[in-house]
Amino acid sequence: MIEVNGVTVAYTSLRGLRVVQNKALDDVTFSVPEGSVCGLLGTNGAGKSTLMRTMGGIFRPDSGSVSIDGRDVWDNAEAKNDIFYVGDEISWYERFTVEELKAYGRNFRASFSDEAFDRMINALELPKNQKISRLSKGMRRQAATILGVACRTKYLLLDESFDGLDPAMRRVVREMLIDEMCDNGASVVLSSHNVTEISEACDRMLLLHAGKVVESGEIDEIRYKYRRVQLVGGEENVTREMLAKAGLTVLDFAGTGSIAQAIVSGTEEEVKAGIAKLPVSLAETAPLSLEEVFIYVMRGKGYGKINTGK
Amino acid sequence: MEKSIRENDVHPLRYELQAHKTSTILVLVAIAVAAFLNVGSRGAVNGDPTDTPVFYLFAIAIAVISGIILTRETFADTYQVTARDAQYAIPVNARTRYFAKLASILLRHIAAIILVNAVFIGVCAVLNVCAGTEIVDIKYSVIQASDILGFCLGADCLTVITMACTGTVAAQVIFGFGIGSVAGFYWIYAVALEFVDSLFGFEGAFECNGLIVWCVIAPLILTIAGGVYIRRDGRHTGKFIAGRAAWEVLTACVILFMELSFTLSEYTWLVMISLLVGFFAVHYLLFREKARKELPFAIAVYITITLLFLAFALFRYASTRGKFYSKDRNALESGEYWIDNEDWNNEWWRNARRYANEPDCELMIGSRILSWIDSRSSDEYHITNADGSLLNEEQYAKLVGVLRDFCENNEIRKDSFGDVLAFIFCGADSNYEGIELGFQVTASFGEGRNAHRERCTGYILYEDRVPDFLKKIEDAGFVVQRAINTRR
């Protein structure tokens with residue numbers, strides 16, 4: 001299990017003679033159980049890549065700890081042996097040919113599987129003797145991901161690894177990845193901006209905003225924590241204040257005349273109990289998709305609201 | 001079955017060798033070219049030695065630069081994000097990674113230089129035997145190769161510590177070349193030479209002082225660099241981890257050193273402005289995104305350094321005024337400006353300066369320092385009265401007259417006369433009637449005391465005049481005693 005406990009990571013910079021600290025991660029706590037596929041979602045600059053690198057033993061946390069099966073990951077060869085990090089920038093590997101990449105992987109991981117590597121390379125029809133720098137961006141990503149999968153570590157960290165792939169290839173690589181990981185019983189942490197991808201591939205997720213955890217847990221649990229409520233008013237129009245008075249936490253509200261639609265947080269029972277207190281003639285509730293959760297939760301944090309300045 | 005970390009024995013060195021295949025090949029080619037130039041830099045035609053020093057200089061430049069490029073590539077994780085991600089993610093700890101990198105540099109650069117030079121020199125030795133004559137000066141090539149090795153070792157060490165501390169390519173280049181060439185191969189060398197000399201106490205027993213010096217310094221530098229490197233985490237890539245203040249101080253030291261290296265003359269303002277521009281260029285390259293904010297700070301540092309230099313110069317001028325040089329050579333020779341002063345800690349030095357310098361009233365602050373360093377690493381000849389007492393003013397004038405007459409009567413080249421004066425008044429590095437004196441004439445700094453002596457002696461012996469010189473001096477009633485490093 002990967003355990004992240006109260007991790008804070010800050011970037012320091014000099015402004016004149018002053019040292020300025022910008023927190024990229026602020027007291028982040030979550031865990032990735034064995035055998036799970038965990039998605040890392042977040043806004044731009046939320047700290048996803050920083051978190052991935054901290055989990056991969058590339059960054060040392062300023063406070064808190066990251067441990068893998070009880071072993072601190074920072075500068076610990078034994079712990080790192082169980083983890084493979086595929087970064088969002090992979091140009092380092094471009095000096096190799098695909099075949100040399102295999103030798104590179106074999107050099108560092110006793111668990112490296114030549115057979116799996118070859119099988120995946122053949123499946124994706126990547127040219128073996130061509131320098132990776134000469135491949136397309138998508139092919140480079142595929143090669144790096146295949147390297148990670150073939151290393152057969154217990155944990156695989158993929159930082160925006162599907163970016164640059166076309167939708168068809170995205171699906172192929174993802175399915176291949178899931179198959180391989182399932183066969184080995186490995187865990188994957190996958191960061192992406194693509195919410196659909198996360199919802200399809202992952203069973204758990206972590207939602208980050210401005211370095212802080214907004215949501216974490218199983219995807220279905222998170223989805224059912226938010227609901228869309230459609231209301232038709234009775235004698236008076238439904239307002240946001242009325243919903244708040246009824247004990248509902250409103251993330252978003254839109255009303256036209258007697259018809260209103262709101263996004264509220266809470267379980268189905270909690271939401272229904274709140275609605276019962278409202279003077280409405282008709283009420284319907286439905287769970288949100290993960291994408292909607294992302295959008296409305298972030299909007300609730302003040303992110304993504306359009307401000308045209310008018 | 002899951003394998004343990006011991007079973008999963010990773011090979012960071014193999015990884016380093018594998019990851020830098022192209023640069024390894026280029027470096028090997030460069031080293032081969034350097035070795036070729038080295039053996040070709042001195043040969044013999046009909047038994048006479050023929051030097052092509054430019055070959056040797058090229059050999060040094062190629063070997064050193066290729067090493068710096070290789071080191072830069074090897075420590076790419078200190079400045080390149082993608083290299084960092086790949087290298088930090090592999091299952092080895094920072095210490096192992098550091099040693100793997102050092103081993104990789106040692107193998108691909110230092111060991112390669114030894115091997116390639118050995119091969120080239122070996123081939124030349126065989127050619128000498130086959131030809132029955134000395135086509136290539138083998139001994140000279142070995143000494144030069146050891147010097148090249150010393151330079152490379154020094155440059156590699158300085159590059160490693162620079163990259164570990166600063167994590168920037170610009171800093172590496174400037175620091176490596178700046179500190180490496182100016183301070184590294186001068187100040188550190190001079191101090192270390194003293195250290196090594198006092199430690200081993202050899203005098204003329206071994207020719208390769210430069211290499212020994214760097215062999216002593218290198219572990220120290222690499223230990224410090226290792227301590228800093230191991231402290232780095234991924235966030236430090238491309239950034240200073242240690243010694244931003246030290247960097248500023250060292251930059252300031254380089255500027256001060258450069259200022260001190262020049263005399264106060266009508267060109268001083270040009271030097272000052274050049275240094276100012278250079279200093280800002282360094283700051284711009286290092287702190288590009290903050291260059292505007294750093295500007296007042298940089299100006300303050302520069303002004304402080306320059307004021308320090310001026311204060312130092314004025315102090316030296318005030319404390320030694322009257323003993324340096326005079327516009328009026330007659331006044332100098334009449335002894336009017338001669339004031340005995342304990343600050344001038346050596347009679348020989350003082351007198352060599354007095355007679356050997358162009359009397360143009362320049363304040364030779366910089367030359368004074370450089371000459372001091374040179375003088376620490378060279379032989380000297382004491383010329384005294386028969387009873388061992390030092391010469392007085394008239395006797396010095398007589399001595400110089402004897403030398404001048406001898407040179408003129410024997411049609412010795414003017415620059416040889418400069419060598420002769422340097423040979424006797426060792427460490428004198430200025431002008432005598434427009435003739436450049438000092439070791440700069442015949443030997444470059446950095447070759448070691450013994451190389452200096454050998455070169456200088458060899459040059460004069462080539463003219464086949466030294467015994468005559470010394471005899472002439474003795475005929476004039478002086479006693480010549482050879483001494484080594486008496487100026488301590």
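1. Two residues count as in contact when their C-beta atoms, placed from the backbone, lie within 7 Å. With that in hand, look at helix 5 of chain A: Gly138(A), Gln142(A), Thr145(A) and Val149(A) there meet Met169(A), Val173(A), Leu177(A) and Glu180(A) of helix 6. Four of these contact residues are nonpolar, three polar and one charged (Ala, Val, Leu, Ile, Met, Phe, Trp, Tyr, Cys and Pro count as nonpolar, Asp, Glu, Lys and Arg as charged, the others, Gly among them, as polar).

2. A quick word on the source: this is a predicted model, where local features need pLDDT of at least 70, side-chain atom pairs count only at pLDDT 80 or more, and totals for chains, interfaces and linings use all residues. Residues are numbered from 1 along each chain as its sequence is written, while chains are lettered from A and ligands numbered from 1 in the order in which they are written.

3. Back to that helix pair: the axes of helix 5 (residues 137-150) and helix 6 (residues 167-184) of chain A come within 11 Å and cross at roughly 5° (axes are lines fitted to C-alpha atoms, for helices over the stretch in contact, with angles from 0 to 180 degrees between N-to-C directions). The two helices are therefore roughly parallel, a label for angles under 35 degrees. Helices (H or I, at least four residues) and strands (E, at least two) are DSSP runs, numbered from the N terminus.

4. Now find the open sheet of four strands in chain A, ordered 12-13-11-14 with antiparallel pairing (strands pair if DSSP finds at least two bridges between them). Its edges are strand 12 (249-256) and strand 14 (280-287).

Notes
Parallel < 35°, antiparallel > 145°, perpendicular 65-115°, else oblique.
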